[in-house]
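Thank you all for coming.

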Amino acid sequence: MTPFLVSDKWYDIRDLGNLSRAILEAADRILPFGVVYVLAAVLGFVASFLLFVLPSQLFVGVYGERRIIGRMQSRLGPNRVGPFGLLQPIADAIKLIQKEALTPTQADRAVMYVAPIIFVMPAVLLWAVIPFGENMVIADIPVSLLYFLAVSSLPVIATFMAGWSANNKYSLFGAMRIVSMAISYESPLVLALLGAVVVTGTISLSGMVAWADEFNIWMAFVQPLALVIYFICVSAELNRTPVDIAEAESEIVAGYLTEYSGMKWGLFYGMDIGYALAASGFAVTVFLGGWTFFGLEQWVPGWLIFIAKTHLFYFLFIWTRGTLPRLRADQLMAFAWKFLLPLGVFNLLIVSTERMLWAEQDYAKGLIYLFALINIVLSGALVYAWARFNGYRPERTPTRPRLVKQVGGYIPIEERP
Amino acid sequence: MEGFGPSLAFWVLSALTLIAAGGVMVSRNLLHAVLFLILTFVGVAGFFVLLSADFIAMAQVIIYVGAIAVLVLFAILLTPRSGRDNGETRWALPGILLAVCLAAIFLFVVHDTAWDTVGDAPAGLDARALGTALLTTWVVPFEIASVLLTAALVGAIMLTRSPEEEAEDALV
């Protein structure tokens, strides 16, 4: 696991943990007891802000997303403020801060005030367990995967509070939808991650990165179906656009955000990006080898590899958001229960069988590549077979436009024969 | 629990949990009560962390905050006029009586049990050991529980389906 070039010298920037440890040890000798903890917090905040939060959140998240989606939809996107419009997110933030945050008179004031704050906290807490490098993880706890799942179930409560407290029926619809979606999509999500856990035999995120490094293979190849299920489920839980039925502006104004304005709305908007980034970082850690890259991490800083991978994964979110149409609420629920959940169960069965066979062979290294090959083929076959079993028969070459009900889609009850 | 940090954490968590639990009882609004209940669950998870039972703490947050609280919220949303202004005091007296009885039983049990006191801090519950135990030694109860839960799930779906929905499924 220890790459041959990484040393523990403070100037070795391939692992910034060395530098921070050196600074803190030096400070501990000079300063009185306890001050070093405050210093560590400040140092971590400044470093993570400069290295990750600012470039990711503002320039990849807000600016890059709008530019790329603009490009996909044949328009320019923000290009007025600063060079190439790069200062647009800062202008937006200034606008949001000075805008009045309205509260309806009949709203539940306290709950409406607290909801954005509760929404922000888990987005920050999630990063505590994500390893940026070998020594660059804040809390390397043995149950970090579970920690991530637990903390990422908290924002649902905050969005529910936001939707309910505004005393607006569209907000309440949004809250209702988000709660039902959280219930539906949590189970296939956990099943997909369980597949990855069964292969590695650990629920520590650092352990998963170490596994990918040891066997020189990404979990995405061993568990392709799990990655796809994870991506779809996490898009649904995060309200990303193809599946953002909780704030569908064509149906229910803005869902739970209807009555929010100013910086309160800005916190929700900003942290949506924050959650998507955290989900990308988590997916990269579990499925794409984290901060390792088949030995490249010995030459390039691992945290740079991790950040690059995270941003590339985040591009998938932008891509689906820019190109796919929104699903209807009942279609989305049916998809979770009738499609993703059975696929997750099948995937778990396959991977458990493989794990048993693998354990009998004393975890032979070559076998995992065979399993990867088998799983890639099986995943495609499984998705195809389950879709056929459910009666989805896509037309390869459609020759004329048709109504949904003509190809076997939804027909309202009163129109049925 | 030795040292300043754990003691401080214990007292802060105790205050949080107790105040939130009080809020559950005092608040007139059913939804506020549920939000306080969630805060109580989080506080209890904090106690598990203090006892270095990380796995249990995470399970507590996932199951109670992520699933049960969300289900309770769902139930409240589906019940007409349950969300706002429903301070119902008819049952206050029986409720207080029940609470006093429960408290008496708990105090009696706590007082009369010979508690094991462990000198060292517990080593923490190993998630791997727990998993191994569940899938080898206790595999039969584990599987029976899963089958029971699945049966309950299917039964709930069958009970709540309306004839229209069944007609809908038959056509699709």
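Before anything else, a word on burial: a residue is called buried if 20 or more other C-beta atoms lie within 10 Å of its own, exposed if 12 or fewer, and partly exposed in between, with the C-beta atoms placed from the backbone. This is a predicted model, in which local features need pLDDT of at least 70 and side-chain atom pairs count only at pLDDT 80 or more, while totals for chains, interfaces and linings use all residues. Residues are numbered from 1 along each chain as its sequence is written, and chains are lettered from A and ligands numbered from 1 in the order in which they are written. Helices (H or I, at least four residues) and strands (E, at least two) are DSSP runs, numbered from the N terminus.

Let me start with α6(A), residues 154-165, where 12 of the 12 residues are buried, so this helix is largely enclosed by the rest of the structure. What do those buried residues pack against? Counting two residues as in contact if their C-beta atoms, placed from the backbone, lie within 7 Å, the partners are α4, α5, α7 and α11 of chain A, together with α2 and α3 of chain B. Just after α6(A), A:Asn167 takes a positive phi of about 55°.

Staying in chain A, the axes of α13(A), residues 329-360, and α14(A), residues 365-389, come within 11 Å and cross at roughly 155°, which makes the two helices roughly antiparallel (over 145 degrees). Residues that meet here include A:Phe346 and A:Trp358 in α13(A), and A:Phe371 and A:Trp386 in α14(A). With Ala, Val, Leu, Ile, Met, Phe, Trp, Tyr, Cys and Pro taken as nonpolar, Asp, Glu, Lys and Arg as charged, and the others, Gly among them, as polar, the residues of this contact divide into 12 nonpolar, 1 polar and 1 charged.

Turning to chain B, we find 7 helices and 0 strands, and buried residues make up 15% of its 172 residues.

Finally, how many residues does each chain bring to the contact between them? Chain B gives 21 residues and chain A gives 24 residues. On the side of chain B that touches chain A, α2, α3 and α7 of chain B each supply at least two residues, and the largest share, 12 residues, comes from α3(B). That side of chain B divides into 16 nonpolar, 2 polar and 3 charged residues.

Technical notes. Axes are lines fitted to C-alpha atoms, for helices over the stretch in contact, and angles run from 0 to 180 degrees between N-to-C directions. Angles under 35 degrees count as roughly parallel, over 145 as roughly antiparallel, 65 to 115 as roughly perpendicular and the rest as oblique.
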